[in-house]
Amino acid sequence: MNHGVAAAAGDPRSAHRRYVLALGVLFAVLWIALAIKPWHRQDWALENALVAVAIIVLGLTCKRLPLSHVSYTLIFLFLCLHEIGAHYTYAEVPYDEWFKAVSGVTLNSVLGWERNNFDRVVHFLYGLLIAYPVREMLLRVAAVRGFWGYFLPLDLTMSTSMMFELFEWAAAELFGGDLGVAYLGTQGDVWDAHKDMALASLGALIAMLITYGINRALQRDFAEEWAQSLEVKEPRPLGEYALARMLNRRK
């Protein structure tokens with residue numbers, strides 16, 4: 001009996017489930033706390049629409065495609081930051097007041113910022129924190145390797161950042177008024193969406209460079225895998241040539 005208990009305690013799958021469950025419970029506690037009297041309830045609901053989709057997807061895939069502790073932790077950190085932004089609205093998160101209460105000066109004055117930059121920081125962290133989980137999924141599902149294992153996570157993170165900006169624009173157009181303004185949070189900057197996407201791209205690039213550096217130092221076949229990933233796998237052209245081959249097979 002003691003042996004069975006010890007074996008169960010040492011089961012890595014059981015330890016993994018406990019870790020993911022702990023993150024889930026912590027996020028639920030934070031979500032409930034920040035769901036109480038948000039500054040703008042309608043904006044909070046809009047901000048949480050995509051969170052609900054993300055949680056459902058993670059829940060449905062956790063058994064068939066369990067991610068690493070690293071990936072789940074990075075996703076957890078990003079969702080926590082997003083919930084803070086959803087509670088206050090991104091343009092009104094009072095980080096300056098929090099920093100001043102601790103240090104006696106505002107963070108904006110220290111960094112020379114002239115606007116509330118919480119949204120910019122979170123867009124940067126979106127790229128920095130989410131690019132690695134995207135890479136893990138691509139490696140395990142699409143079997144990408146070498147160069148593509150770094151470029152495609154960067155590309156997909158950039159693409160989803162762009163899609164979110166389009167989602168924001170569509171929601172603002174649909175709802176309009178104060179809700180649309182609160183959700184966009186541009187703070188009068190006509191280039192806000194472009195800067196947000198650039199920061200997300202920079203964060204993802206840094207994440208992939210860090211991953212590249214670690215793998216280059218520790219992976220014995222790194223150079224060979226990189227070279228193989230850039231080799232031509234199908235020497236024949238596609239397009240009309242592939243169409244002709246498919247038609248010939250049907251004859």
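Thr89 counts as buried, at 1% relative accessibility. Here, buried means under 20% relative accessible area, exposed means over 50%, and partly exposed lies in between (1.4 Å probe, protein chains only). The model is a predicted one: local features need pLDDT of at least 70, side-chain atom pairs count only at pLDDT 80 or more, and totals for chains, interfaces and linings use all residues. Residues are numbered from 1 along each chain as its sequence is written, and side-chain values use heavy atoms, with hydrogens and water left out.

Thr89 sits in the loop between helix 4 (69-88) and helix 5 (95-103). Its phi is near 75°, a positive value in a residue other than glycine. Most residues other than glycine have a negative phi. Lys37 is a further case, with a positive phi near 50°. Lys37 follows helix 2 and lies in the loop between helix 2 and helix 3 (41-61). Lys37 is exposed, with a relative accessible area of 71%, whereas Thr89 is buried.

The protein chain has twelve helices and zero strands. Helices (H or I, at least four residues) and strands (E, at least two) are DSSP runs, numbered from the N terminus. Helix 2 (residues 12-35) has 24 residues. Helix 2 reaches 34 Å from its first C-alpha to its last, close to the 34 Å expected at 1.5 Å a residue. The expected span is 1.5 Å times one less than the number of residues in the helix. Ser14, His16, Leu23, Phe27, Leu34 and Ala35 are buried in helix 2.

At the level of the chain, the C-alpha atoms fill a box of roughly 70 × 65 × 40 Å, taken along the principal axes. Buried residues make up 36% of the 251 residues. The protein chain exposes about 15700 Å², and carbon and sulfur atoms supply 69% of it. These areas come from the Shrake-Rupley method with a 1.4 Å probe; for residues, only the protein chains shown count as cover. Among contacts (heavy atoms within 4.5 Å) between residues at least 6 apart in sequence, 70% join residues at least 24 apart.

Charge was examined next. The protein chain has 22 positive and 24 negative side chains. Lys and Arg count as positive and Asp and Glu as negative; His and the chain ends are not counted. The centres of the two sets lie 14 Å apart, with each charge placed at NZ of Lys, CZ of Arg, CG of Asp or CD of Glu.

A search of the whole structure finds six salt bridges. A salt bridge is a side-chain nitrogen of Lys or Arg within 4 Å of a carboxyl oxygen of Asp or Glu. Arg115, Asp119, Arg120, Asp192 and Asp196 are linked in a network of such bridges. Within it, Arg115 meets Asp119 at 3.2 Å, N to O. Both Arg115 and Asp119 are buried. Arg115 also meets Asp192, at 3.4 Å, N to O. Arg115 lies in the loop between helix 6 (107-111) and helix 7 (118-142) and Asp192 in helix 10 (residues 192-218), so this pair ties together parts that are 77 residues apart in sequence. The relative accessible area is 15% for Arg115 and 2% for Asp192.

Glu234 and Arg236 form another salt bridge, at 3.0 Å, N to O. Glu234 counts as partly exposed, at 36% relative accessibility. Arg236 is also partly exposed, with a relative accessible area of 43%.
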